[in-house]
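Colleague: Before I plan anything around this model, could you take me through how its helices are arranged?

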Amino acid sequence: SISLERSLYLWPSSVYGLTSGAALLIAGSIADIVGARPVELTGITFLGIFTLACGFAQSGAQLVVFRALQGVALALHLPASVAIITGAVPSGRARNLVFACLGFSQPLGFAVGLVLSGVMIERAGWRIGFYLTGGCLLAVAVGAIWTLPKLPSQNQDGVVALWKKVGREIDWVGGLVSSGGLAIIAYVLAYVLPPCSLPSKKS
């Protein structure tokens, strides 16, 4: 419906995981310095915004870009959420139960989401899934401002000093090189190399 080029058919589904994995190391480092709570709030807010943007995409290129940005936002969310659980829940049975619920929710959400999205696509089109998910994510982000636990901060410096610390202590060059290398490899495998063609049967 948005005239996506045939060569880009797999990118809306694959670029999300690519950018998420590529940005995960840097995102975890930022969460360690800035704090898990603000990084978590930032991650889920941008995840909701870019999910809604996918629903409003008017071209295949826009959809791929918004999906890529979704992956970066997810990379901010993942390490921060684990850090919040570690800092807010005491070790032992309670923490084990919380991590078990966190791990179980991912495959459960994936399985249920596949079924629900299939029904929604048949009934209302593919955009409705992005609208509903993005709206729910933004609602959760607003609620998280008051419900997420406030962990003790290790950084008592001001905002300017904190961001200077982010620029100084994070290995930006190594992170960007590794992320760029991963992206180039995926691009070559998915786009540049010609697909294998099966021999045609002659009747």
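Colleague: What is the handedness of the crossing of H3 and H4?

Modeller: This is a predicted model, in which local features need pLDDT of at least 70 and side-chain atom pairs count only at pLDDT 80 or more, while totals for chains, interfaces and linings use all residues. Residues are numbered from 1 along each chain as its sequence is written, and side-chain values use heavy atoms, with hydrogens and water left out. A crossing is left-handed if the near helix is turned anticlockwise from the far one by less than a right angle, and right-handed if clockwise. By that rule the crossing of H3 and H4 is right-handed.

Colleague: How are H3 and H4 oriented to each other, roughly parallel or roughly antiparallel?

Modeller: Their axes, which are lines fitted to C-alpha atoms over the stretch in contact, with angles from 0 to 180 degrees between N-to-C directions, come within 10 Å and cross at roughly 160°. Angles under 35 degrees count as roughly parallel, over 145 as roughly antiparallel, 65 to 115 as roughly perpendicular and the rest as oblique. H3 and H4 are therefore roughly antiparallel.

Colleague: In which hand does H2 pass H3?

Modeller: The axes of H2 (residues 36–55) and H3 (residues 60–88) come within 8 Å and cross at roughly 155°, which means that H2 is roughly antiparallel to H3. The crossing of H2 past H3 is left-handed.

Colleague: Is H2 largely enclosed by the rest of the structure or largely open, and why?

Modeller: Helices here are DSSP runs of H or I with at least four residues, strands are E runs of at least two, and both are numbered from the N terminus. A residue is buried under 20% relative accessible area, exposed over 50% and partly exposed in between, with a 1.4 Å probe and protein chains only. Because 14 of the 20 residues of H2 are buried, H2 is largely enclosed.
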